[in-house]
Structures are given as C-alpha cells and as structure tokens.
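This report describes selected elements of secondary structure and their contacts. The sequence and the structure are shown first.

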Amino acid sequence: MRHLVAALLACVLHCPALAADPPQVVDVQLAGQPATAARDSALMAPLQNVYGRSHLSLNGRWSYIIDPYENGYYDYRRQAFDASKSGKGGFYDDRKPKDKGDWVEYDFERAPTMKIPGDWNSQAEKLQLYEGTVWLRQVFEADPKPGRHYVLYFGAVNYEAHVYLNGKKLGMHKGGFTPFQFDVSGKLAKGRNVVVVKADNTRRQDEIPTVNTDWWNYGGITRDVLLAEMPATYIADYKLQLAKGDARHIEGFVQMAGSGKAQQVTVAIPEAGIKASVRLDANGRAAIKLPVKKLDYWSPEKPRLYTVELMAGEDRVVDRIGFRTIETRGQDILLNGKPVFLRGISLHEENPLIPGRLRGQGDMRMLLQWAKELNCNFVRLAHYPHSEEMTRLADEMGLMVWAEVPVYWTISWTNPATLANAGTQLTDMIVRDKNRASVVVWSVGNETPISAPRNAFMGSLVRTARALDDTRLVAAALEIHRTGRDITINDPLASEIDLASFNEYAGWYWASNAEMLDFRFDIRLDKPVVITEFGADALGGYHADADTRWSEEYQDRLYQNQFRMLAGIPGLRGMTPWVLADFRSPRRQHPYFQDFWNRKGLISDDGKKKQAFWTLKKHYDEVQRRYEN
Ligand code: GCU
C-alpha cells in the first residue's frame, strides 16, 4: 500500500501515493454544460464526488497575512506581480529571503495561523468586519507518481481567490459558495509543496451577490481543501437519478477525462440487483439508462441511500445515492407520485453558537437536527449553495432541500459578466449536487425587483437550470404585490418557474399582529404555492404581550396569525418560515434588540428555542396528520 506522508503544520495523514508527469488531460466540457464565461481558463470543470476519490486533506492551521492594500499582489505602480515578466515578487513568492531580497516585508514563517476550513471574521478580532484581501498559506509533502492525475480542490472561498502552487499561479475563481479545482498534475514537487491563496471578500456591485445582503460577509477559505488523486484516465462526472416522470428507470451519464480511452464503464448498484456495462463514445461519455426492478424510493420518512459503484479502466468511484421522483401536478407537489406538503424552515450556513460559517458535520448535523425537531421534511438552504456535506447529510437524515444561488436583491441586471457569473455559480451548484436525492428545488434567486432586464436575466437562469437538470423543480423566492388588503403575484417570472413561491412579511414589515388577519391572497397560478419567507424578530428571553414587537409573544402570535391567514390559500403546499436560528447581519443595528443579529430565528443565538418554535412544530404535526390520513 503506497502511502503519502503529508506533514501538514499540525498533523500527518496517510493516503495512496501522489504521482507526477501525468498525460495531457482532455479538456472535459461536462455533458449538458453551457460554456460559462466567468470560469477562469485554468479551472477544471467541477469534479463529481471529490470525497469519493483518494485525497489528502490540506485542512489544518494555515498561516495568514492581512493585506488591505493588496501590497502582496501589486507593485507600488499598481502592476500585478504575477503578470510581470518574472512572475515573482508577490506574497506567493516562496523563494528564500536571500533570493528575494532581505528587505522583503512579509514572512509566512512568522505569521499567525488560522483554522481552515474557517472564515477569518470569527477567528481574529481585527477581522470581524474586515473586507479585503487576506493571504493564506499551507505547506505539505507530496510524493507524486507518474501516470496519476492530481487535482487541487477548494470547497469554497469567499469571494475571489487567486491560487498559487510553489510560487506559480494556478488561476483565479470568483464565487463564494461553489467548489472549484485546478489540475496540478505535473506541478507537484516531490517533497515540500506550498499552496498560497489570495482571498478577497470585497463586495462589488457587479458581482453575485451584489453589495447589499442581509447576511455576514464571511471571508476566506470556508470549506475543505483537498488534493485528489486519480488514475491517468478517470471518471470526471456522472449523473444517476430516476428519469423524469419514470420511476422504472435510472437515467444519466458518465463522463471520463484524462489521456487514455477507457472502452466501457460499469455501473453497479448491488442492493438493487443492478449491474450494467455501457460503451464509452469517442469523447469518453456514455449515456446511462437502467431499468429498475425493485427500488426503495428515497423519502424523508425513509431516506434510503444505495451504494453505487462506477468502474472504468483503472478507475473506480463509489457514491451513496437515493432515488426518488419529484414533480408538480396542478397545485400538488408529488414526491414518488404522492402529494406532499413541504413542512420547511429556512436557514443560513452559520452556527449561532460558534461564530462563523458552519465548519463540519458537527455544526451541520446540529442545525438539521433542530429542523427535524420542528417536524420538518424540507429545508431552504438560503441564500447561496451550502456545502456538499450539508446536502449529503440531508440525503442521510431525510430532509428535502431548496438549493439557491445568491442572485439576491439589486443585481446588475444589464451586465453580461454578471449574468455569466450567475450562470457559472448556478451550473456549479447543479453539477455538484445533481445526484443528491434531498435536493428537489433549484432556486435562481431571492426577492429580485421586477424590471425588463431582471426578467430577462432570471429567465436565462431558469433555462440554464432546466438544460442541466430536467428532474427537479426550478423556482425563485418572488415578491408579492399588495393593494390594500389584497395580495397577488404579478411577477412575470412566476410563469416560468414550477412553484408560486414568494416571501411575505404580513404582521412584521407591513401591518401588525392585530391587522394582519384582514389580508386576502389571490394567487391566480395553477401551480403549488410555497411561502418561502414570513417571520418576525424576537429577542430570545424578552417577554411581553403579543402586541409588543421584539417579544417572543409577538413572534409567536404572528406565527399563529400566519397559519390562519395562509389557510385561505387553496393551493398552499409548503412553507419555509424565516428563519431557523438568529444569524449575524451588518444590516441589523438596533443596539438592544439586534446588535448585528437578525432575530427572526426560532432559536436564539445561545441555542434556546423561542415560543414560536413550539407553535410551528405543533402546526407541522397537524399538517402531517392531515396529509397522512
Ligand atoms: C428578506 C430576505 C432575507 C432577510 C429577511 C429579513 O425577505 O430574503 O434574506 O433576512 O427578509 O428581513 O429578515
């Protein structure tokens, strides 16, 4: 058993050996992928199931340097070091001081360290509100072997990442919540290797998201960093899901990459009695269509996952996949052909108890367990793609997922680069999670203000989602139109998506608890209605009467009023109230009730359940009884 000893600052890991001098890699444009302009040319197309590959984790303590003026990227004439003739001179330059010049004004050896994965805001006092560049460095040992393929994978870096290996630039990625990877075959040194990341979380109008969001702008390497190893010819991507509207067939594709030409791919699902070999075409792609005899369909009540093995040439990758169908019929949502009510809750990727982005299974399982305690069968992972571990946990724990890209509020609708960026982030989210049974909705955005350019932009994203995956619902969180007491949806986008899904804040941002029961909804769409947000702020532990805002009683009464008010919508088939737990936001400045926290959580920032938590649970118990009788 070949092994690799990786001396990561504080830990040593053993993995199959890594090798160098691999063959020319075929540029894999994954099947069904519209070319996306925002992807840096050096980036590979997303690798499917990176956790199922032999990999070395580069997680651990990384050294960091705070660089608000990007002094490590530009010279004093604002010219980029990595674009200069020598390409040297930036903070990524790993030469010895004697070679660089003893006057250099940075030193990773003496720099402080932070935990990766982990946002920087929650790891250093001076970085809590910081927006700008931080340089991060990890040193590791490698023993690359010829004929093997190597990929440097980042689960997410918020927001713009420039990545260097052994002093040479690999490329750049934009987007704070989707994975990216570089082909580093032939670029790994035998022995000591140095990876340096310039991470910049500066908000900019033309980016996705834009400058104004109601969540903390956590910067840095917020998810895993892995060095994956594959054979020279390897399985780059695959999709295996039940065919749209046909629960008797598993359909999809397998896409190879690498130098060689494997002849065929074998797909085996032993517990389902399936094993089939399919010839690969000249592009290393095989269409898959497998009849299923007996299959336990995935559902929240019975989240059955199957071990799926894919073998081609020297490569073998194993995944855990659930199989189910999701569709709408008129105003019903059908899971495996049966009407279902989406008993949901919205949540951010943030642990209220430990400052910062979720770090790993512990945090994630805690949040999803709280959702299960609410008797949820559905979670809205707002407002951006959460981690792959989160959707894999939802697969395992039995929670359907609304997945969303951060096309949020006032985006630059007329900027083609902004649209390409949004398309890339949507594509990468769908490519990553297309085998996750839990994901039932792809959402292309939240509360985007209606205009002709916005309608065109959002319509393009809907088409991109449908082109990539016709087996799931496509939606968005729309805004309502209110005249007096009458509430309607007059958003042209509503006709292009599968759900009448919208946010409404009756009783909080408009009207009070006492007035809200007068509102009437008139939703003239023959599609399922899902309320993607309603809620009220409540400071945990602050008690008063039900007419006193910010009290737990006010929030609780609002939930009771919402259930009564929404009962008037004949096509109501789901809801994801805002929000599971209090979360940090720079837009929430009330010094006593908020203190940079959005308090609409049903759980407070110290993990205590507010009164409304139990009211929602009771309501979901009643809904469940209604749907099961
Ligand atoms: C908006 C938005 C959320 C925000 C919430 C609120 O609808 O979608 O991101 O946090 O309302 O105002 O609390």
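Predicted model: local features only at pLDDT ≥ 70, side-chain atom pairs only at ≥ 80, totals over all residues.

Ala403 stands opposite Trp442 in β28. Ala403 belongs to the pairing of strand β27 (residues 400-404) with β28, in which four bridges join the two strands and the direction is parallel. Strand β28 (residues 439-446) has eight of its eight residues buried, so the rest of the structure largely encloses it.

**Helix α3**

Helix α3 spans residues 388-397, and eight of its 10 residues are buried, so this helix too is largely enclosed by the rest of the structure. The buried residues of α3 are Glu388, Glu389, Met390, Thr391, Leu393, Ala394, Asp395 and Met397. Gly398 follows α3 and has a positive phi, near 80 degrees.

The antiparallel pairing of β15 with strand β16 (residues 246-258) extends over 10 bridges. Within β16, Asp246 is the bridge partner of Ala243.

A further open sheet of three strands is ordered β30-β31-β33, with mixed pairing. Its edge strands are β30 (481-483) and β33 (520-521), each of which pairs on one side only. Strand β31 (residues 486-488) pairs with β33 in the parallel sense over two bridges. In β33, Arg520 is the bridge partner of Asp486.

| Strand pair | Sense | Bridges |
|---|---|---|
| β15 and β16 | antiparallel | 10 bridges |
| β27 and β28 | parallel | four bridges |
| β31 and β33 | parallel | two bridges |

**The contact of α6 with α7**

How do the axes of helix α6 and helix α7 cross, and at what angle? The axes of α6 (residues 552-566) and α7 (residues 611-628) come within 8 Å and cross at roughly 20 degrees. Angles under 35 degrees count as roughly parallel, and α6 and α7 are therefore roughly parallel to each other. Their crossing is right-handed. On the α6 side, the contact involves Glu552, Glu553, Gln555, Asp556, Tyr559, Gln560 and Phe563. These residues meet Gln611, Ala612, Thr615, Leu616 and His619 in α7. The residues of this contact divide into four nonpolar, five polar and three charged. An α-helix has 3.6 residues a turn, so residues three or four places apart point the same way.

**Tyr74 in its loop**

Tyr74 lies in the loop between β4 (60-66) and α1 (97-100). When residues up to four places away in sequence are not counted, Tyr74 touches Gln79, Ala80 and Phe81. Tyr74 and Trp103 are separated by 29 residues in sequence, and their C-alpha atoms are 17 Å apart in space.

Methods:
Residues numbered from 1 in each chain as written. Heavy atoms only, no water. Axes fitted to C-alpha atoms, helices over the stretch in contact; angles between N-to-C directions. Parallel < 35°, antiparallel > 145°, perpendicular 65-115°, else oblique. Left-handed = near helix turned anticlockwise from the far one by under 90°. Contact = heavy atoms within 4.5 Å. Nonpolar A, V, L, I, M, F, W, Y, C, P; charged D, E, K, R; others polar. Pairing = 2+ DSSP bridges. Buried < 20%, exposed > 50% of the residue type's maximum accessible area, 1.4 Å probe, protein only.
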